[in-house]
Amino acid sequence: MQGVNRLKSLKAPVLLVASSLLLGASLSACQSTIPTYNTAHMPASPQSSVDLLAAPVADTGLSVDADSSFPIVELMPFIVGQADALALTPAQVKVFADYRKMAMKNRMALQANEKALRGQLRTAMMTGADDATTTALMHRISETEMAHMNLRHECLKNVRNTLTPEQFATLMQMYKRSLQRS
């Protein structure tokens, strides 16, 4: 009985090591064995850049509109629509226009990739892909969503730095009311 207990105590560490080895082997092999995926399903490095995460990802056709994550805070369209009510100066309008141009490309690409990666994960799960493949896709989705949320956070910081405290307070009140109506 003591031998059985010893085996049980080793089970978790052995499984962890084995799953790590399988993940590495599966990730290196899955490009050639599963043609519907591309390198986007492989986990990006911990220091993943927005450019890497925003690089186009193949949409396998099983993604749906609901796969796009809802923005945590979506201020730019709101600011544009409320420019008069916020009494934006021409300089503030220019700052926001420049920021939108700079950030839009990556934001749009990240949102498209969130949707495409969820479609890839759906396909992987439905076709019985191994755990290493599905886990790698889950990690990539998480990294992409984190990058998207970070862009939204940076946008909010830019808005806060551009507006006067009074304008920002007015914006937050208006934005909160708009969310309550939704």
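Does F78 count as buried or exposed, and at what relative accessibility? In this predicted model, F78 counts as buried because its relative accessibility is 17%, where buried means under 20% relative accessible area, exposed over 50% and partly exposed in between (1.4 Å probe, protein chains only). Residues are numbered from 1 along each chain as its sequence is written, and side-chain values use heavy atoms, with hydrogens and water left out. As the model is predicted, local features need pLDDT of at least 70 and side-chain atom pairs count only at pLDDT 80 or more, whereas totals for chains, interfaces and linings use all residues.

The chain contains 7 helices and 0 strands, helices (H or I, at least four residues) and strands (E, at least two) being DSSP runs numbered from the N terminus. Of its 182 residues, 36% count as buried. Among contacts (heavy atoms within 4.5 Å) with a separation of 6 or more, 80% come from residues 24 or more positions apart.

F78 belongs to helix α3. Apart from neighbours within four places in sequence, F78 contacts L171, M174, Y175 and S178. Between F78 and Y175, which are 97 residues apart along the chain, the C-alpha separation is 7.5 Å. S178 is located in helix α7 (residues 165–181) and is likewise buried, with a relative accessible area of 19%. A polar atom of the S178 side chain lies 2.7 Å from the backbone oxygen of Y175.

The largest pocket holds about 230 Å³ of space. Its lining comprises 13 residues, of which M76, A103, R107, R152 and C155 are the closest to the pocket centre. A pocket is here an open set of points on a 1 Å grid over the protein atoms alone, where a 1.4 Å probe fits, with protein on both sides within 12 Å along at least five of seven lines; lining residues have an atom within 4 Å of a point. Grid points are joined across faces, edges and corners, and the volume is the space filled by probe spheres set on them.

Helices α3 (76–81), α5 (90–126) and α6 (131–162) each provide at least two lining residues of this pocket. The largest share, 5 residues, is from α5. By class, the lining has 8 nonpolar, 1 polar and 4 charged residues (nonpolar: Ala, Val, Leu, Ile, Met, Phe, Trp, Tyr, Cys and Pro; charged: Asp, Glu, Lys and Arg; polar: the others, Gly among them).

Definitions and conventions
Polar contact = N/O pair within 3.5 Å; in protein donor to acceptor, adjacent residues only side chain to side chain.
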